[in-house]
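Please read it alongside the sequence and the structure shown here.

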Amino acid sequence: MSVELYDNALTEKLRKWTKDTDVSILTPGETRQMFAMIADKTNDSPIELPLIAIRRTGGFTVQTTGSRPLSHVGARLFANSEIGRKLRAVPISIPYQIDIYTRYQDEADEYTRNIVYNIINYPRLDVIIPYYDENITHYSNIHMT
């Protein structure tokens, strides 16, 4: 499984929360090349604001706490009399930084307030994992620090 699946899920969640606005949201992969990518897309025109850039601040951390190692035992996805499937996984934590670029401070404050409100009240992040030719929905959570 790729950490990029989580990147895409977080990006889509932010896009859903800002769908009726004119904000652009960049994935962590796009953020690394943000200025070059924007210059290419806009033919070196000025950057259009508002812009939200998501980036990973340090890879990921393997979660070693817990009594049930999912990498060995696995999590039961489903089972019936004919077939059973287990997802073997390693629990991880991925730190993100969300940068909000706007022209005016009050506009940045409004985006920040809305994003913080939504993360606190709707922390579930649905990640689609392609596994054994199926798309399995994994439910993870967003925590603010």
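The accessible surface of the protein comes to about 10200 Å², and 49% of that surface belongs to carbon and sulfur atoms; accessible areas come from the Shrake-Rupley method with a 1.4 Å probe, and for residues only the protein chains shown count as cover. This is a predicted model, in which local features need pLDDT of at least 70 and side-chain atom pairs count only at pLDDT 80 or more, whereas totals for chains, interfaces and linings use all residues. Residues are numbered from 1 along each chain as its sequence is written, and side-chain values use heavy atoms, with hydrogens and water left out.

**Overall make-up**

- The secondary structure comes to 4 helices and 9 strands, where helices (H or I, at least four residues) and strands (E, at least two) are DSSP runs numbered from the N terminus.
- Read from the N terminus on, the elements follow the order α-β-α-α-β-β-β-β-β-β-α-β-β.
- Of the 145 residues in the protein, 29% are buried, with buried meaning under 20% relative accessible area, exposed over 50%, and partly exposed in between (1.4 Å probe, protein chains only).
- Among the contacts in the protein with a separation of 6 or more, 61% are accounted for by residues 24 or more positions apart, a contact being heavy atoms within 4.5 Å.

**The three-stranded sheet**

- An open sheet of 3 strands has the order β1-β2-β7 with mixed pairing, two strands being paired if DSSP finds at least two bridges between them.
- Because β1 (24-26) and β7 (96-101) stand at the edges with a single partner strand each, one side of each is left without a neighbour in the sheet.
- Neighbouring strands of this sheet are turned by 15° against each other on average, direction ignored; axes here are lines fitted to C-alpha atoms, for helices over the stretch in contact, and angles run from 0 to 180 degrees between N-to-C directions.
- Strand β2 (residues 51-56) pairs with β7 in the antiparallel sense over 6 bridges, and Leu51 stands opposite Tyr101 in β7.

**Helices across the sheet**

- Helix α1 (residues 3-17) lies across β1, β2 and β7 and runs at about 160° to β2, while helix α4 (residues 105-121) lies across β2 and β7, running at about 150° to β7.
- The 15 residues of α1 should span 21 Å at 1.5 Å a residue, which agrees with the 22 Å between its end C-alpha atoms; the expected span is 1.5 Å times one less than the number of residues in the helix.
- The buried residues of α1 include Val3, Tyr6, Leu10 and Leu14, and also Asp7 and Lys13.
- At the start of α1, a side-chain oxygen of Ser2 reaches to within 3.0 Å of the backbone nitrogen of Glu4.

**Individual residues**

- Thr27, in the loop between β1 and α2 (28-32), is buried with a relative accessible area of 15%, and beyond its neighbours within four places in sequence it is in contact with Asn8, Thr11 and Ile54.
- Gln63 lies in the loop between β3 (61-62) and β4 (75-79) and counts as partly exposed at 34% relative accessibility.
- Leaving aside neighbours within four places in sequence, Gln63 is in contact with Pro91, Ile92 and Ser93; the C-alpha atoms of Gln63 and Ser93 are separated by 6.7 Å, although these residues are 30 residues apart along the chain.
- Thr137, in strand β9 (residues 134-141), is partly exposed with a relative accessible area of 33%, and it touches Asp126, Val127 and Ile128, not counting residues up to four places away in sequence.

Conventions:
A polar contact is a pair of N or O atoms within 3.5 Å; within protein, one must be able to donate a hydrogen and the other to accept it, and residues adjacent in sequence count only if both atoms are side-chain atoms.
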